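The following note sets out some points on the fold, the charges and a few individual residues. It is meant to be read beside the coordinates.

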Amino acid sequence: MSLASMRDLLEQRQIALYFLAVLLGGTAAALVTGTASWDVVINPALGLMLFVTFLQIPLAELGQAFRKVRFLAALLVTNFVAVPALVALLLLFAPVDGMIRLGILMVLLCPCIDWVVTFAQMGRADAALLLASTPVLLAVQMVMLPLWLHLFLGEGVSRLVQAGPFLHAFLWLIVIPLCLAWLVQFGAQRSPAGAQIASALGLLPVPMTAFVLFIVIAAMLPHLGHETAVVLHVLPVYVAFALLAPWLGWGISRLSGLDAPAGRALAFSGATRNSLVVLPLALAVPGGAPLLPAVIVSQTLVELAAELLFIRAIPRLGRSAVSPAGGGGETQRD
């Protein structure tokens, strides 16, 4: 079987593989002692997953993608105007406990900068636009999160949020994988051996995503056991967010006149949160464990389940659009 055929087979079976990974992760957490310590593997695995994902994106086009100001403006409106408004509404149905609300706000107000690119790529969104926008998303959320926490929860809370974990995640999950992917693509264009290496690495996005799902589930589930009652109270908030947030992104893309792949990218960005980057922030809050990690991990589990649905449902958005030339297919307007 050729590498291309193997890659096609993996992509065709990816949903089943992801569900299997989640099932195995849950089984490991139930049967193996100490899987919570596996959390040290999450960031390296995530970085490798993003590296092989970036390889599938023509990085030479990132400069052009970044110049699409209309998309960037719509992305910022989605994540820092529309989503906070939705969170404010959902917070009315959340427990009144201040620490629980802190966890909900920390995770829902921070847009994802890492595996959203992977899921967007799988969901026929314009992943290059999202990738080009990650520096802006990271910088704006670092500034806005303390302000939102102050607005929602009052004095003193913003001091709990530090920039260090955000910068660390950006370096190891975005900058380094992106540079390595560019080097591999550069080598693939200049030598047959480099092209073979790049082709072989093209088999890894689906297996690496499955591995990340396995590790995240196995490492995070033990945190939930001590806070079952809290988890049951916050799950409805996260489920409602997962159902509503993609439509915010898609609706804003329609108002902004973006094409269908860019609109799907907004839908993915609006719905996908920065839980793996926020988790170290929660662990650093005095007296926050195990409550804060449980609140944040609950969102991660809901999001993982939702993403498996998104990569099937979101590609259908915009399919019925008619191109300006009058033919079928997706409208390209930006």
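Predicted model: local features only at pLDDT ≥ 70, side-chain atom pairs only at ≥ 80, totals over all residues.

1. The overall dimensions deserve a comment. A compact globule of 334 residues would have a radius of gyration near 20 Å, and the chain agrees with this because its own value is 20 Å. The C-alpha trace spans about 55 × 45 × 35 Å along its principal axes.

2. Among contacts in the chain with a separation of 6 or more, 85% are accounted for by residues 24 or more positions apart.

3. The accessible surface of the chain is about 14,300 Å², and carbon and sulfur atoms contribute 69% of that area. The side chains include 16 positive and 14 negative ones, and the centres of these two sets are 9 Å apart.

4. Glu303 is buried but has no salt bridge. Which side chain of opposite charge is nearest to Glu303? That side chain is Arg273, 5.5 Å away, whereas a salt bridge requires a side-chain nitrogen of Lys or Arg within 4 Å of a carboxyl oxygen. Apart from neighbours within four places in sequence, Glu303 is in contact with Trp115, Ala271, Thr272 and Arg273.

5. Most residues other than glycine have a negative phi. Arg124 is not a glycine, yet its phi is positive, at about 60 degrees. The residue lies in the loop between helix H7 (115–122) and helix H8 (127–153). Arg124 counts as partly exposed because its relative accessibility is 41%, which falls between the limits of 20% for buried and 50% for exposed.

6. Leu204 is placed in the loop between helix H10 (192–201) and helix H11 (205–224). Its relative accessible area is 30%, so Leu204 is partly exposed. How far apart are Leu204 and Val52 in sequence and in space? They are separated by 152 residues in sequence, while their C-alpha atoms are 6.4 Å apart.

Notes. Residues numbered from 1 in each chain as written. Heavy atoms only, no water. Rg over C-alpha atoms; globule rule 2.2 N^0.38 Å. Contact = heavy atoms within 4.5 Å. Areas by Shrake-Rupley, 256 points an atom, 1.4 Å probe, with all protein chains shown as cover. Lys, Arg positive; Asp, Glu negative; His and termini not counted. Charge placed at Lys NZ, Arg CZ, Asp CG, Glu CD. Buried < 20%, exposed > 50% of the residue type's maximum accessible area, 1.4 Å probe, protein only. Helix = DSSP H or I, 4+ residues; strand = E, 2+ residues; numbered from the N terminus.
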